[in-house]
Amino acid sequence: MARLNLLEETRFEKLPVTIFKNPKEASLSVAQRIATLIKEKQQQNLNAVLGLATGATPIAVYAELVRLHKEEGLSFKNVITFNLDEYYPMQPNAAQSYVTFMNENLFNHIDIDKNNVHIPDGTLNLEEIPAFCLAYERKIESVGGLDIQILGIGRTGHIGFNEPGSAPNSGTRLVTLDDLTRRDAARDFGGKSNVPTKAITMGIGTIFKAKEIILMAWNRKKASIIKKAVEGEISSEVPATYLQLSDNVEFILDQDAASGLTRFNTPWLVKDCVWTEELTRKAVIWLANKLNKPILKLTEDDFNNNGMAQLATEQGPVYNINIH
Ligand code: GLP
């Protein structure tokens, strides 16, 4: 019964979503999945191929992997990594480079063979980039493809640096960054004008080939883009919506990032509710906004046609609810 209820509750969600109480618990679970993969591969004498992301989101995952290495002996000797992206141009030793980020948050603290680490090269000449990108794709293929790709999400809906307008079959390539993305990065660079305008990123097609894709998001700031990515129509305007086409994707969210989903934001559309004062007020205001009507003009039919029949029946007539 509980399962059936959940199916109904999540009927607007077009891909699997798992919600944790907080980013810490979510990060531990993702780290655990990566560690399990690494150990399974070790037992079979195989490499584990990881697609890695930067940004604030995965930091606690990397911290837990470091802890598992230092305290529980998890070895990364059989691990090969490919990072999603790098700014262009970018010197690897610059403070803002994704090379520095990965070294500081992960690679410097584990026993990975540095020859097994791959990050797009921000130092190439423009004309060298296409061949580099092709070789990056080939290298991923030659080691058997990505076993797990972890992703964050930008507020434009980008994954890696695949900004709005990216094609679903795009490969690794040079891209131009969206203005919002550059604004979000401004703090790291001491002002937006210092943020590179370009980046080299794996494509959506590259990400898609991973055997498992885990997108993580925390924080209320991500709630609206997460709603679009999970419940919206597939469109190049929100590149993360392409993930709805994958059979191997899972979104791992904290409660704040999930708060825009229908089951939390407008729960009356998907289930019976306990009509507290607060929920009633929220629903009535939502209905008035939706229909563009003053609250006192909302009718019984308005309630019934917009998932609020339960409220009308339990606490009606609706005129009294409106007045209240
Ligand atoms: C950058 C990275 C993305 C990352 C995004 C979100 O643009 N290229 O891979 O997902 O930022 O960053 P954060 O995790 O800091 O919110």
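Across the interface of domain 1 and domain 2 there is 1 salt bridge, a term used here for a side-chain nitrogen of Lys or Arg within 4 Å of a carboxyl oxygen of Asp or Glu. It joins the side chains of K271 and E9, at 3.6 Å from N to O. This is a predicted model, in which local features need pLDDT of at least 70 and side-chain atom pairs count only at pLDDT 80 or more, while totals for chains, interfaces and linings use all residues. Residues are numbered from 1 along each chain as its sequence is written, and side-chain values use heavy atoms, with hydrogens and water left out.

Let us look at the two domains themselves. Domain 1 covers 3–262 and domain 2 covers 267–323, with bounds that come from an automatic or database domain assignment. Their C-alpha centres lie 40 Å apart. The contact (heavy atoms within 4.5 Å) takes 5 residues from domain 1 and 4 residues from domain 2. Between them the domains bury about 410 Å², with 58% of this on carbon and sulfur atoms; buried area is the accessible area (1.4 Å probe) that two parts lose on being put together, summed over both. On the domain 1 side, E9, R11 and T262 lose the most area to domain 2, together 81% of what that side buries.

Now to a helix pair. Helix α3 (residues 59–72) packs with helix α4 (residues 98–105) at an angle of about 40°, and their axes are 9 Å apart. Axes here are lines fitted to C-alpha atoms, for helices over the stretch in contact, and angles run from 0 to 180 degrees between N-to-C directions. Helices (H or I, at least four residues) and strands (E, at least two) are DSSP runs, numbered from the N terminus. I59, Y62 and V66 of α3 meet F101, M102 and N105 of α4. The residues of this contact divide into 5 nonpolar, 1 polar and no charged, where Ala, Val, Leu, Ile, Met, Phe, Trp, Tyr, Cys and Pro count as nonpolar, Asp, Glu, Lys and Arg as charged, and the others, Gly among them, as polar.

The side chains of R67 and E71 meet at 2.9 Å, N to O. Because they are 4 residues apart in helix α3, R67 and E71 are separated by about one helical turn.

| Peptide bond | Omega | Loop holding the proline |
|---|---|---|
| Y88 to P89, cis | near -10° | P89, between β4 (85–88) and α4 |
| G316 to P317, cis | near 5° | P317, between α13 (309–315) and α14 (318–323) |
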